[in-house]
Amino acid sequence: MSATASSWPSPRRSARRALALFCLLALAALLVLLTHGLGQIGPLPVQLLMDGQPVGGPLMLAGLTELAPAQRLLAAAALLLLALLLLVALPLLMLGGLALLLLLVGGVVLAVVGPPLLVVAAVLAVLLSPLILLLLLLRWLLR
């Protein structure tokens, strides 16, 4: 039985699957390491001082070392989710704020000075093209 060209998966789809599998394995490894690390937390090397005098003892995260393994796994998953959220959402929010600021400044300049500054609007569009590229990349990844 001979295989036709259409029966084989495309190289792009295979690369996506391999990348997705690698990312899932890396996240699973990170989750296991975080779970193990939460069980090993000791006193933090931080001391609270008031007027040069120590107040209380060393800071402790004692609750994390006494958790059951399933609870440590859940805490590690929460930390991992928080880290991923910060890695993705924070840069997007900052880039969006910058884009909004550039659009507002460009709009005010265009309204005040007039038609000769349409060139400035074109330059702003070119400068904001990474946002458009990011949106197209997100659409391609989610498709």
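**Figure 1. Helix H1 gives the largest share of the lining of the largest pocket, 6 residues.** The model shown here is predicted. Helix H1 spans residues 11-39. H1 and H5 each supply at least two residues of this lining. Helix H5 covers residues 129-142. The space in the largest pocket comes to about 250 Å³.

**Figure 2. A close view of the residues that line the largest pocket.** The lining includes Arg-12, Ala-15, Arg-16, Leu-19, Ala-20 and Cys-23. Trp-140, Leu-141 and Arg-143 also belong to the lining. How many of the lining residues are nonpolar, polar and charged? The count is 6 nonpolar, no polar and 3 charged. Among the lining residues are Arg-12, Arg-16 and Arg-143. Rolling a probe the size of a water molecule over the atoms shows where empty space is left.

**Figure 3. Asp-51 sits in the loop between two strands.** Phi of Asp-51 is near 55 degrees. That is a positive value in a residue other than glycine. Is Asp-51 buried or exposed? Asp-51 is exposed, because its relative accessible area is 81% and exposed means over 50%.

**Figure 4. The elements of the protein chain run α-β-β-α-α-α-α from the N terminus on.** The chain holds 5 helices and 2 strands. Helix H5 has the highest mean pLDDT among the elements, 87. Which element has the lowest? Helix H2 (residues 62-65) does, with a mean of 61. Over the protein chain, the mean pLDDT is 79. A pLDDT of 70 or more is reached by 82% of the residues.

Figure 5. The protein chain has 143 residues, and 7% of them are buried.

Notes. Residues numbered from 1 in each chain as written. Predicted model: local features only at pLDDT ≥ 70, side-chain atom pairs only at ≥ 80, totals over all residues. Heavy atoms only, no water. pLDDT = per-residue confidence, 0-100. Helix = DSSP H or I, 4+ residues; strand = E, 2+ residues; numbered from the N terminus. Buried < 20%, exposed > 50% of the residue type's maximum accessible area, 1.4 Å probe, protein only. 1 Å grid on protein atoms, 1.4 Å probe; cavity = no way out; pocket = protein on both sides within 12 Å on 5 of 7 lines; lining within 4 Å. Points joined across faces, edges and corners; volume = space filled by probe spheres on them. Nonpolar A, V, L, I, M, F, W, Y, C, P; charged D, E, K, R; others polar.
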